[in-house]
Amino acid sequence: MPNLFRKKAVAYDDNDFGMRKVLSAFDLTLLGIGAIIGTGIFVLSGHAAATQSGPAVVLSFLVAGIACAFAALSYAELASSVGGCGSAYGYSYAAFGELIAWIIAWDLILEYGVSVAAVANGWSGYFNNALTAVGIGLPEAYTKGPFAGGVINVPAIVIILILMVLLIIGVKETARINAAAVMIKLLAVAIFIAVAAFNVNPANWSPFMPFGWFAHNADGQPIGVLAGASLVFFAYVGFDAVSTAVEEARNPQRDVPIGILAALGFCTIIYIIVSALMTGIVPYTALNVSSPASEALLRIGHNAAAGLVAAGVIFGLTTVMLVLYYGLTRIITGVSRDGLLPPYFGVVNERTKTPVRTTVLTGVIMAIMAGLIPLGVLAELVNIGTLAAFVLVCGGIIVLRRSHPDMPRPFKMPFGILFATLGIISCGALIAFLPYETHLRFILWLAAGLVIYFGYSIKHSRLATA
């Protein structure tokens, strides 16, 4: 039993494991924005408004943003004081011990891996629409997997393999490409705001809260502002990927907290503005489509602007996949280095200074998933996995504040224990508002992880061999 809760030493982990320290605070902020602004703003905002929140989707984004803010402050403190590769996994290892750390690592692998494959499916649809617009669209059989009535989703496979090559080349080059794509998608968001701001019809905001705060529809599914917050929470998935870049940041104890908080704050403001304008220019009932932002512009006759926004979606989803894929490889590398996964996954290539083996293996697996499997149901697991990680990160603040009150904290979360407690309560509440089926699938995934832990990890852990 004591072996299950053996902990890493609580001290800042600044070991050099061969990766290049090249990322600035600005790079990290763009990394966060690249991961955050994507599916949430371009897809889920409309679905949540139409089916769960109505115009009050702005409140759903605000509630989810507040829950994320508590988690982000916790991440910032732990990134500056504990550090190390692996994000919430590393922090949980120091605060709660090995078993909890492994559960979170397994949880994060699910979150990042399924996210990349699911977003690749969405990217494929938008990309083929763009090809169709210029007369060279792919046959439908090659844009859907066999379980969705097709043969194989070729664009989804190709984009993941392209991102795999970019991540192998090097993190600085990846950061430059991410920065360029982020600027393009922010331009698309700016175009939407500029056009929509002059076409608002206040009557579309009435009734403002048609589904109330929380209820159930005729099918028993949760609806209302709080249920909408549980759904649009997916829009914030990714800011924690900034914390996986600790080993490649120039000054991680200063730059990683800046990147986390700046990215989350900026994106929350953008989400509230865009969702308010979206429900202001067309009735919320018309937004349950795959590209609600461009659909809203089409409905008010701005076809050119709609086309530009749709192009921005392609770049937006690309950066989401890129950053989440990056975070996945760094988490697996850190877990392998600690002995909880085979050492094969922890090797850093001498020439590129990147974990090439892990990047290739995960890329191939995600490409197969994206090409063959419709991931709509699995994507629901992303939210519950992320929220569970956030609960433990906030809990880590409370544990370490009590057990190590004098530990150096270059960034210290204000009202530490109070805000951490509020983070646990708010993220835990959002978990409760998710469908029952999602909870069941999550439990099954964790059960599989426990089999791996007791079959391999507990004997090969670096702490066990030491």
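A crossing of two helices is called right-handed if the near helix is turned clockwise from the far one by less than a right angle. With that in hand, welcome to a few close-up views of this predicted model.

**View 1. Helix 11 and helix 12 make a right-handed crossing.** Helix 11 spans residues 303-337 and helix 12 spans residues 356-372. Their axes come within 10 Å and cross at roughly 125 degrees, and helix 11 and helix 12 are therefore oblique to each other. On the helix 11 side, the contact is made by Tyr325, Leu328, Thr329, Ile332 and Thr333. Helix 12 brings Thr358, Thr359, Thr362, Gly363 and Met366 to meet them. What kinds of residue make up this contact? Four are nonpolar, six are polar and none is charged.

**View 2. Arg330 sits in helix 11.** Is Arg330 buried or exposed? Its relative accessibility is 1%, so Arg330 counts as buried. Look also for Phe345, 15 residues from Arg330 along the chain. The C-alpha atoms of Arg330 and Phe345 are separated by 9.9 Å.

**View 3. Phe61 and Tyr271 form one of the nine aromatic pairs in the structure.** The ring centres of Phe61 and Tyr271 lie 5.0 Å apart and their planes stand at 40 degrees, so this pair is tilted. Which helices does the pair link? Phe61 belongs to helix 3 (residues 57-81) and Tyr271 to helix 9 (residues 252-281), distant parts of the chain that put the two residues 210 apart. Both Phe61 and Tyr271 are buried.

**View 4. Trp106 and Trp445 form a stacked aromatic pair.** Here the distance is 4.4 Å centre to centre, with 10 degrees between the planes. Trp106 lies in helix 5 (residues 98-133) and Trp445 in helix 15 (residues 436-460), so to speak a link between distant parts of the chain, 339 residues apart. Trp106 counts as buried at 11% relative accessibility, whereas Trp445 is partly exposed, with a relative accessible area of 25%.

**View 5. Three phenylalanines gather in a cluster.** Phe70, Phe415 and Phe419 are linked into this cluster by ring pairs.

Terms used: Residues are numbered from 1 along each chain as its sequence is written. This is a predicted model: local features need pLDDT of at least 70, side-chain atom pairs count only at pLDDT 80 or more; totals for chains, interfaces and linings use all residues. Side-chain values use heavy atoms; hydrogens and water are left out. Axes are lines fitted to C-alpha atoms, for helices over the stretch in contact, and angles run from 0 to 180 degrees between N-to-C directions. Helices (H or I, at least four residues) and strands (E, at least two) are DSSP runs, numbered from the N terminus. Angles under 35 degrees count as roughly parallel, over 145 as roughly antiparallel, 65 to 115 as roughly perpendicular and the rest as oblique. Contact means heavy atoms within 4.5 Å. Ala, Val, Leu, Ile, Met, Phe, Trp, Tyr, Cys and Pro count as nonpolar, Asp, Glu, Lys and Arg as charged, and the others, Gly among them, as polar. Buried means under 20% relative accessible area, exposed over 50%, partly exposed in between (1.4 Å probe, protein chains only). Rings of Phe, Tyr and Trp (its six-membered ring) pair if their centres lie within 6.5 Å; planes under 30 degrees apart count as stacked, over 60 as edge-to-face and the rest as tilted.
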